[in-house]
Every structure is written in C-alpha cells, then in structure tokens.
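Please keep the sequence and the model in view while reading.

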Amino acid sequence: MFKSTKAKSVETYLAQVPEDRKDLVLFLHKYIKKTVPKLKSHFAYNMLGYGSFPYLNYKKEKIYWPVIALANQKNYISLYVCAVDRGQYIAEKYKKELGKVSVGRSCIRFRKLEDINLAALKKVLQLAAKFPGLINSRS
C-alpha cells in the first residue's frame with residue numbers, strides 16, 4: 001500500500017525524495033507543520049506522519065496511527081487525512097473544494113501543487129487536528 005523507503009526519520013525521508021518532487025514535498029511538510037503545529041511530525045509506516053491517535057489494527061493490536069500523513073508515491077503525492085466528522089471522512093467531505101485531486105476515503109492524491117486548493121486544504125488539516133480517527137469497517 002505504501003511505497004517502501006529505507007528512511008527511518010523525517011530528515012532521512014526528506015533527503016531521499018527525488019529531486020523532481022523535493023520542492024513539493026518540502027513545501028507540504030512545512031505547510032502542514034505551520035497549519036497544525038500541535039500535530040508533531042514524525043516518521044511512521046514509510047511516510048511522514050503528523051500527530052497520532054490510538055487505533056486498533058486488523059490484528060486487534062493497539063497502535064498509534066498518524067492523524068495526517070504525507071507520502072511520495074511513484075506517480076503522485078498522497079496526503080492521508082485520518083479524521084472523521086459526523087461519520088464522514090473529512091477528505092471526502094471537502095473533495096469538491098480541494099481542486100484537481102483524487103480523493104478516496106481519507107486519501108488525497110495529486111501530482112503538483114497547482115492541483116490543490118491550499119485554502120481548502122488548510123480547512124481540512126485544521127479539522128483533522130480536531131477530529132482524528134478512522135471509520136472502523138471491521139465490525
């Protein structure tokens with residue numbers, strides 16, 4: 001699911017981003033940190049994570065999952081917004097406002113900065129900080 005990386009920290013992850021995407025990933029990293037400073041950045045599950053919340057995974061193990069995660073994929077950038085408001089993923093709720101992006105549940109995918117509406121993204125990130133979580137479909 002997530003592109004594998006040899007990185008073990010935020011710094012090494014950022015250093016390993018290919019040159020053609022480095023400016024975009026660095027911009028988004030700084031933008032997320034500025035927009036939701038309470039969500040501390042960390043390296044988690046082959047991506048950059050911001051904040052965390054307790055989550056029961058498929059093995060019924062309690063783990064701490066990032067509220068927001070940023071990943072450089074092979075053909076695009078993924079921004080995972082693990083947050084729910086009134087039973088709906090926040091990313092899906094605002095997908096029409098986010099711009100020329102693909103949204104699936106909690107994942108926002110795009111290729112370049114011009115594709116995303118930063119004002120809408122800011123709103124989504126701020127809501128994520130208030131309402132972290134995932135919809136548990138394994139009932």
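Strand 3 and strand 4 (residues 62-65) pair in an antiparallel manner through four bridges; here two strands count as paired if DSSP finds at least two bridges between them. Helices (H or I, at least four residues) and strands (E, at least two) are DSSP runs, numbered from the N terminus. The model is a predicted one, in which local features need pLDDT of at least 70 and side-chain atom pairs count only at pLDDT 80 or more, while totals for chains, interfaces and linings use all residues. Residues are numbered from 1 along each chain as its sequence is written, and side-chain values use heavy atoms, with hydrogens and water left out.

Five residues lie between the two strands, and Lys-60 adopts a positive phi near 65°. Strand 3 (residues 53-56) presents Phe-53 and Tyr-55 on a covered face, whereas Pro-54 and Leu-56 are on the uncovered one.

Six strands form an open, antiparallel sheet in the order 1-2-5-6-10-9. Strand 1 (41-44) and strand 9 (102-104) stand at its edges with a single partner strand each, so one side of each has no neighbour in the sheet. From one strand to the next, the twist averages 20°. Strands of a sheet pair through backbone hydrogen bonds, in either a parallel or an antiparallel sense. Strand 5 (residues 68-72) and strand 6 (residues 77-81) run antiparallel and are joined by five bridges, with Ala-71 opposite Ser-78 of strand 6.

Helix 2 (residues 19-35) packs on this sheet, touching strand 1, strand 2 (47-50), strand 5, strand 6 and strand 10 (107-110); contact means heavy atoms within 4.5 Å. The direction of helix 2 makes about 175° with that of strand 5, where axes are lines fitted to C-alpha atoms, for helices over the stretch in contact, and angles run from 0 to 180 degrees between N-to-C directions. The 17 residues of helix 2 reach 25 Å from first C-alpha to last, close to the 24 Å expected, a span defined as 1.5 Å times one less than the number of residues.

Which residues of helix 2 are buried? They are Arg-21, Lys-22, Leu-24, Val-25, Leu-28, His-29, Tyr-31, Ile-32 and Thr-35; buried means under 20% relative accessible area, with a 1.4 Å probe and protein chains only. Leu-28 has a relative accessibility of 1% and therefore counts as buried. Beyond four places in sequence, Leu-28 touches Leu-70, Ile-77, Phe-110 and Leu-121.

In soluble globular proteins, nonpolar side chains tend to be buried together. The largest nonpolar core has 46 residues, of which Ile-68, Leu-70, Leu-79, Ile-108 and Phe-110 touch the most other members. Such a core is a set of buried Ala, Val, Leu, Ile, Met, Phe, Trp, Tyr and Cys residues joined through side-chain atoms within 4.5 Å. Helix 4 (residues 118-130) gives the most to this core, with six residues.

Finally, the cysteines. With a disulfide taken as a pair of cysteine sulfur atoms within 2.5 Å, the count is zero. Cys-82 is in no disulfide, and the nearest cysteine sulfur, that of Cys-107, is 9.1 Å away. Cys-82 is buried at 4% relative accessibility, and Cys-107 is buried with a relative accessible area of 7%.

Technical notes
Buried < 20%, exposed > 50% of the residue type's maximum accessible area, 1.4 Å probe, protein only.
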